[in-house]
Amino acid sequence: MRIILALLIFSVIVIVHELGHFLLAKYNGITVTEFSVGMGPRLLSHEWGGTRYSLKILPFGGSCMMVGEEEESEEEGSFGSKSVWARAAVVAAGPVFNFLLAFVLSVIIVGNIGYDDTIVDVTPGYPAAEAGMQDGDEIVRMGGSRTYVYREISLFNSLYQGRTAEVTYRRDGVDYTVQLVPEKDESGFYRYGFEKSNERTKGTVVQTLKYSFVELRYWLKATILSLQKLVRGQVALDDVSGPVGIVDAIGDTYEESRSDGWYYVTLNMIIMSILLSVNLGVMNLLPIPALDGGRLVFLLIEAVRGRALPQEKESMVHFLGFVILMGLMVVVLLNDIRHLFL
């Protein structure tokens, strides 16, 4: 079951990504030769409106093939014949659609189970209590960043264990700011001395939409901060998961929630989908050759220079980037497999 669920989640996320490219290409008059669901040999296909729509044998992934996407072409309807901004919109549409998918899924989650506000209970004997915080205070800023949900507070503490934090809390409509130096508890975990005071809160339609954006913002923030720690060498290879690790995480989540019924299994799978969709969107926007972000860099250079770089040079850079990415994927995959046998 875990493999089926993982394939389903991966497929939906990738198809939505490719759908973004497809719709913006069509909107800008670019000829799409094939839009496919899955990979490998075709099982079914039908040509309509100049585009072949295919269902392929391997049930994951997808693609959107456009005329002139990989080679120089100025013929009518080719990718290269359009303005630099039209091409940039097509390239950026994939990640943007991943963020849109994450937002729609967030509406489902927040609409069903509500949001986790930042009203806290204070633990006696810890820094928060000693600084004057009380039960029922609402944390509105932490570490210089506005906080809307308690998971942002938990994220800060987990990523920056032991760091002194400036905390702004609200009581009776008045804001107070304190400096908190965390202390270790019995398990060795640093704590500021407050915790979530109640269950998740279900709000109005307007609040649901607002906190759906907050949900998307949280996962964007978590992804970007985690990437920063990875780039700075503050995250070990064992903390990075590839496809095998993600499948394992999806399977573990399924096993843990199946006893609660399919309603909770579905909600947990949606949460996993939000996480993965945001991760795919962010990763694709990184300025790395062979990714959408790398292509956007070349388009930005073209916009500044007034002319494109030679296609063969750009293709070579993307090819080298692809080779490096495949090498990194192999390393992460082998590390995932090693974990399975430990």
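Okay, so Gly80 here is partly exposed, with a relative accessible area of 23%. Keep in mind that this is a predicted model. Gly80 sits in the loop between β2, residues 51–66, and α2. Now go from Gly80 to Glu152: that's 72 residues along the sequence and 43 Å in space, C-alpha to C-alpha.

Let me zoom out quickly. We've got nine helices and ten strands in the protein. The C-alpha atoms fill a box of roughly 70 × 50 × 45 Å along the principal axes. There are 342 residues, and buried ones make up 41% of them. As for contacts, take those with a separation of 6 or more: 66% of them are between residues 24 or more positions apart.

Start with α2, residues 84–113, against α8, residues 292–305: the angle is about 165°, and the axes are 10 Å apart. So that makes α2 roughly antiparallel to α8. And the hand of the crossing, if you're wondering, is left-handed where α2 passes α8. Who's touching whom? On the α2 side you have Val84, Trp85, Arg87, Ala88, Val91, Ala92 and Pro95, and they meet Asp292, Arg295, Leu296, Leu299, Glu302 and Ala303 in α8. Sort the residues of that contact by class and you get nine nonpolar, four charged and no polar.

Okay, on to single residues. Is Asp137 buried or exposed? Well, Asp137 has a relative accessible area of 1%, so this one counts as buried. You'll find Asp137 in the loop between α3, 127–130, and β4, 138–142.

Last bit: backbone phi. As a reminder, most residues other than glycine have a negative phi. I've picked out two with positive values. Asp172 has phi near 55°, and Asp172 is not a glycine. Look for Asp172 in the loop between β6, 165–171, and β7, 174–180. With a relative accessibility of 77%, Asp172 counts as exposed.

Then there's Ala290, where phi is near 85°, a positive value in a residue other than glycine. Where is Ala290? In the loop between α7, residues 262–285, and α8. That's the α8 that packs on α2 at about 165°. Ala290 comes in at 24% relative accessibility, so Ala290 counts as partly exposed.

That's my tour, happy to go back to any of these on the screen.

Definitions and conventions:
Residues numbered from 1 in each chain as written. Predicted model: local features only at pLDDT ≥ 70, side-chain atom pairs only at ≥ 80, totals over all residues. Heavy atoms only, no water. Axes fitted to C-alpha atoms, helices over the stretch in contact; angles between N-to-C directions. Helix = DSSP H or I, 4+ residues; strand = E, 2+ residues; numbered from the N terminus. Parallel < 35°, antiparallel > 145°, perpendicular 65-115°, else oblique. Left-handed = near helix turned anticlockwise from the far one by under 90°. Contact = heavy atoms within 4.5 Å. Nonpolar A, V, L, I, M, F, W, Y, C, P; charged D, E, K, R; others polar. Buried < 20%, exposed > 50% of the residue type's maximum accessible area, 1.4 Å probe, protein only.
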